[in-house]
Amino acid sequence: MPKIKLPVKTPHIDMTPMVDLFALLLTFFMLTTSFRPQEAAIIDTPNSISEKMTPEKNVITLLVDKDNKVFLNFDNGMDTSVIIRSEVLKKMAEQLSTQFTPKELKTFSNWASFGMPFEKLKAWLNTADSKEREVFQEGLPMDTTNNELNLWIRFIRLQNPNAEVAIKGDALADFKIVKRVMDILQENKVNKFNLTTNLQKEEAKLEE
Amino acid sequence: MAEIIQAEGKQKGGKKKAKKFSTHIDMTPMVDLMCLLITFFMLTTAFSKPKAMEITMPEPDNPNDKKDAPLISAYKTLNILMSGNDQIYYYYGVADPNKPLPELIKTDYSKDGIRKVLLNRNKIVFSAVAELREKVTKGEIQLADTALNNRIKELKKSDKDAPIVLIKADEKAKYKNIVDIIDEMAITTIASYAVVDISPTELKMIGSPTPN
C-alpha cells in the first residue's frame, strides 16, 4: 500500500492579544515607576539568624564598605510633608558657613546615600552625570580633627529624634571603624542599633 | 482553548484514514496568567528585604563619674578574644597581670568550635528554651510570637549560674567576626553578654602588638 503523506499545516497562533497586553503593561510601568537613587557603595552584609526586618522608613542608615569608608543616608521621616533632608542640609551649611541654592536643596532631598567631606558636597550635587558622581563618594570624615559625621548625626537627630539607626556594614570591614561609628552614635545618645544582616538560619543541638 | 480536530481513524476493513488537524491556540489565558504572575512577584519581593539584628550598647562611661565598674564573679565569666584572620580564643575567669594567667584556648567559628563551648556552659537555659520552642511548634502550648519571645527572655534570666560572656576584639578583627559572635549569643540563648574593650594583658595573651 502506498503511504499517503499529506502536507502538514503549520499551526497559526494569533499573537495580537499578548502584544496588546504587554504594550499596556509597559506603558503602565513607564508612567508609574521612578528609578531608585543609586546607593553610594555596594555592601555585602554578614549573615545572622535574626528575622527582624530592617526598618524602611524613618531610619538613619550608616553604611560602612569593605574599604572602611563611611556613608550616610537618612529619609524624610514618617511624615513625608516635613522635608527633613533639606532642613538638615541648611543647618549644616549654617554651621560650616556655606550656602545652598533651593535647587541644590531639592536635589539633595531626592537623592539617597552620600559620603564625602562637606566642601565637596556642593560639587557633587551639581554633577549631572552619575558616573562622575560616583567618584565623589570617598567616605565621610570622622577622625578627631574633622568629625563631620558627628555634626551630621547631631543635626539629623535634632530634626527627627524618633528615627531609628541602622548600621549596614560590609562583612570585611574592620571592626574598629564600626566601633568608631558606634562611639560617635553613643556620643549623640543613640544606644540601640540595628545591624543589617542577611538571613541565615542555624540550628544548635546539645550533645550529651 | 486548543482545538485539535482529528477525524477518527479506523474503519471497517482496517484501512487507516488520513488525519486532519488544525491547531488554533488562543493565547489570552496565558497572557492573563503572566499578568497575574508579574503582579504577584511585584508584591511579594517584600519577603527578601534585608533583615536587622538589634543590639543595645550600655551607656558609655562618663569619665566624670568615678564609679567602680560593677563586679562580676570570675567563675561565671567566659571571655572571647577575637583577632584578624578569623582567629578566636577564649578563657574563663579574669586575666589579672599580677596573677598567673588563665589558660587560653584557641577555637574557631564553626559549630564545633565556639558554639560547642557556649552550649556546654549554657546547658540549662538552652534546653529549657529548646523544649519550649518544640512544644509551641508541636502545638502543645498555644503562644503568640510576642508572648513566646517574652517567655524566652524570662527563661534566659532564670538561671543564676548562666555564663556572662565578655566579647573583646583587637584592631585586626573584622566586622563579620563581631556579628558572628553576637549571632552565636542568640543561637545559644546566652542572656548576658557585652562587647568590651580588650586589655593590654589580653593583647599579650593572643600575641597581638599593643597599640601606642
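In this predicted model, helix α6 (residues 148-159) of chain A and helix α7 (residues 175-187) of chain A have axes that come within 10 Å of each other and cross at roughly 45 degrees. That angle makes α6(A) oblique to α7(A), because angles under 35 degrees count as roughly parallel and those from 65 to 115 as roughly perpendicular. The crossing in which α6(A) passes α7(A) is right-handed. On the side of α6(A), the contact is made by A:L149, A:N150 and A:I153; α7(A) contributes A:I184, A:L185 and A:E187.

The contact between the chains takes 44 residues from chain A and 39 residues from chain B. Within chain A, at least two residues of the side that touches chain B are supplied by each of α1 (16-32), β6 (164-169), α7 and β7 (192-199). Which element gives the largest share of that side? It is β7(A), with eight residues. The residues on the side of chain A that touches chain B divide into 24 nonpolar, twelve polar and eight charged.

Six bridges join β7(A) to strand β1 (residues 51-56) of chain B, and the two strands run antiparallel. Within this part of the structure, A:T197 stands opposite B:K51 in β1(B).

Strand β1 (residues 47-48) of chain A pairs with β7(A) in the parallel sense, over two bridges, and A:N47 stands opposite A:N198 in β7(A). Strand β6(A) likewise pairs with β7(A) in the parallel sense over two bridges; here A:I167 stands opposite A:L195 in β7(A).

Chain A has a mean pLDDT of 83, and 94% of its residues reach 70 or more. Where in chain A is confidence lowest, and where is it highest? The lowest mean, 81, belongs to helix α5 (residues 130-136) of chain A, and the highest, 90, to strand β2 (residues 59-64) of chain A.

Methods. Residues numbered from 1 in each chain as written. Chains lettered and ligands numbered in written order. Predicted model: local features only at pLDDT ≥ 70, side-chain atom pairs only at ≥ 80, totals over all residues. Axes fitted to C-alpha atoms, helices over the stretch in contact; angles between N-to-C directions. Helix = DSSP H or I, 4+ residues; strand = E, 2+ residues; numbered from the N terminus. Parallel < 35°, antiparallel > 145°, perpendicular 65-115°, else oblique. Left-handed = near helix turned anticlockwise from the far one by under 90°. Contact = placed C-beta atoms within 7 Å. Nonpolar A, V, L, I, M, F, W, Y, C, P; charged D, E, K, R; others polar. Pairing = 2+ DSSP bridges. pLDDT = per-residue confidence, 0-100.
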